[in-house]
Amino acid sequence: MSRPTLTRILLPAAMLALLGGCSLLGSNERSAVTIYSPVVRIQPDPSWPQVDWQLVLVKPSAARVVDSPRINVRPSPSELEVYKGVSWAQPATDMLDDALVRGFEDSGRIQGVARATTGIRADYKLALDVRRFEADYRGQATPTALIEVNAKLIHVVDQRVVADRTFRQEQPVPSTATADVARAFEQGLRATTSEVVGWTLVSGQADYQRATVTPTRVR
């Protein structure tokens, strides 16, 4: 089975900047573009704690080539290309941001969670860096949907890093069809969201409880 048509990423930085904010349909292009929009809903884990603090989510960061609506694919270790004729509905950082906000809200374990732009007073903030969001062939006949995200949970008052972890999800794709690639990313994004939500609740609550029981030193 032949692989889907790929487009090499050999564009100058100025053109890459345009990819993130422009339509994939140029004025001279008449071919249709299939847009994939993963639906991410998670089930709360019974072991997750009920927390007494509030959280803000900082907009995730990513390299420009990662934070694009184009669907990246790595046919070989040294090449990064994009699938032709398909797109995400949102860049990777927006998909992760939306999935996490909904994940925390749906967990029922935290009363106060919002994006940092809302200006709510919070005890902790979650900063994320999307390192990889691509289909990687790794010399195989079919790719693997790879998502790698670094997360830092930070105490707002003193800017102390409470916990730091890199999450990595690999979902095998059963074929080279872009629809299967999109489904694998949806599964990987769901798993990543669940892991990040659970880790944040557990790490934040442990730190919050330590701060509560630690006596204040008298000088």
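The legends below describe an overview and several close-up views of a predicted model.

**Figure 1. Overview of the elements of the predicted protein model.**
The protein has three helices and eleven strands. Along the sequence these elements follow the pattern β-α-β-β-β-β-β-β-α-β-β-β-β-α. Of the 219 residues in the protein, 45% are buried. Among contacts between residues at least 6 apart in sequence, 73% join residues at least 24 apart. The close-up views below show some of these elements and residues one by one.

**Figure 2. The aromatic pair of Trp88 and Phe133.**
The count of aromatic pairs comes to five. In one of them, Trp88 and Phe133 are arranged edge-to-face, with 6.0 Å from centre to centre and 75 degrees between the planes. This pair links distant parts of the chain, since Trp88 is in strand β7 (residues 86–88) and Phe133 is in strand β9 (residues 124–136), 45 residues apart. Trp88 and Phe133 are both buried. Ring pairs also join Trp88 and Phe133 with Phe185 in a cluster.

**Figure 3. The aromatic pair of Phe167 and Trp199.**
A pair of aromatic rings is described by the distance of the centres and the angle of the planes. For Phe167 and Trp199, the centres are 5.5 Å apart and the planes are at 75 degrees, so the pair is edge-to-face; the angle needed for that label is over 60 degrees. Phe167 belongs to strand β11 (residues 160–172) and Trp199 to helix α3 (residues 178–213), so the pair ties together parts that are 32 residues apart in sequence. Phe167 has a relative accessible area of 1% and is therefore buried. Trp199, with a relative accessible area of 12%, is buried too.

**Figure 4. Thr200 in helix α3.**
Thr200 counts as buried because its relative accessibility is 0%, and buried means under 20%. A polar atom of the Thr200 side chain lies 2.7 Å from the backbone oxygen of Val196. Apart from its neighbours within four places in sequence, Thr200 is in contact with Trp53, Leu55, Phe104, Leu126 and Leu153. One of these contacts, Leu153, is 47 residues away from Thr200 in sequence, while the two C-alpha atoms are 6.9 Å apart in space.

**Figure 5. Ser175 in the loop between β11 and α3.**
The side chain of Ser175 reaches the backbone nitrogen of Ala177 at 3.1 Å. When residues up to four places away in sequence are not counted, Ser175 touches Thr142, Pro143 and Asp180.

**Figure 6. Val66 in the loop between β4 (61–62) and β5.**
With a relative accessibility of 9%, Val66 counts as buried. Leaving out its neighbours within four places in sequence, Val66 is in contact with Asn72, Ala92, Val130, Arg131 and Phe133. The C-alpha atoms of Val66 and Ala92 are separated by 7.0 Å, and the two residues are 26 residues apart along the chain.

**Figure 7. Arg74 in strand β5 (residues 72–76).**
Arg74 carries a charged side chain, yet Arg74 is buried, with a relative accessible area of 17%. The Arg74 side chain reaches the backbone oxygen of Pro77 at 3.1 Å. Neighbours within four places in sequence set aside, the contacts of Arg74 are Glu79, Leu80, Arg132, Glu134, Ala135, Asp136, Tyr137 and Arg138.

**Figure 8. The second largest pocket and its lining.**
The volume of this second largest pocket is about 170 Å³. The residues that line the pocket are Tyr36, Ser37, Pro38, Val39, Val40, Ala89, Gln90, Met95, Asp98, Ala99, Arg102 and Leu189. Helix α2 (residues 92–107) gives the largest share of the lining, four residues. By type, the lining of the second largest pocket consists of eight nonpolar, two polar and two charged residues.

Technical notes: Residues are numbered from 1 along each chain as its sequence is written. This is a predicted model: local features need pLDDT of at least 70, side-chain atom pairs count only at pLDDT 80 or more; totals for chains, interfaces and linings use all residues. Side-chain values use heavy atoms; hydrogens and water are left out. Helices (H or I, at least four residues) and strands (E, at least two) are DSSP runs, numbered from the N terminus. Buried means under 20% relative accessible area, exposed over 50%, partly exposed in between (1.4 Å probe, protein chains only). A polar contact is a pair of N or O atoms within 3.5 Å; within protein, one must be able to donate a hydrogen and the other to accept it, and residues adjacent in sequence count only if both atoms are side-chain atoms. Contact means heavy atoms within 4.5 Å. On a 1 Å grid over the protein atoms alone, a cavity is a set of points where a 1.4 Å probe fits but cannot get out, and a pocket is an open set with protein on both sides within 12 Å along at least five of seven lines; lining residues have an atom within 4 Å of a point. Grid points are joined across faces, edges and corners, and a volume is the space filled by probe spheres set on the points. Rings of Phe, Tyr and Trp (its six-membered ring) pair if their centres lie within 6.5 Å; planes under 30 degrees apart count as stacked, over 60 as edge-to-face and the rest as tilted.
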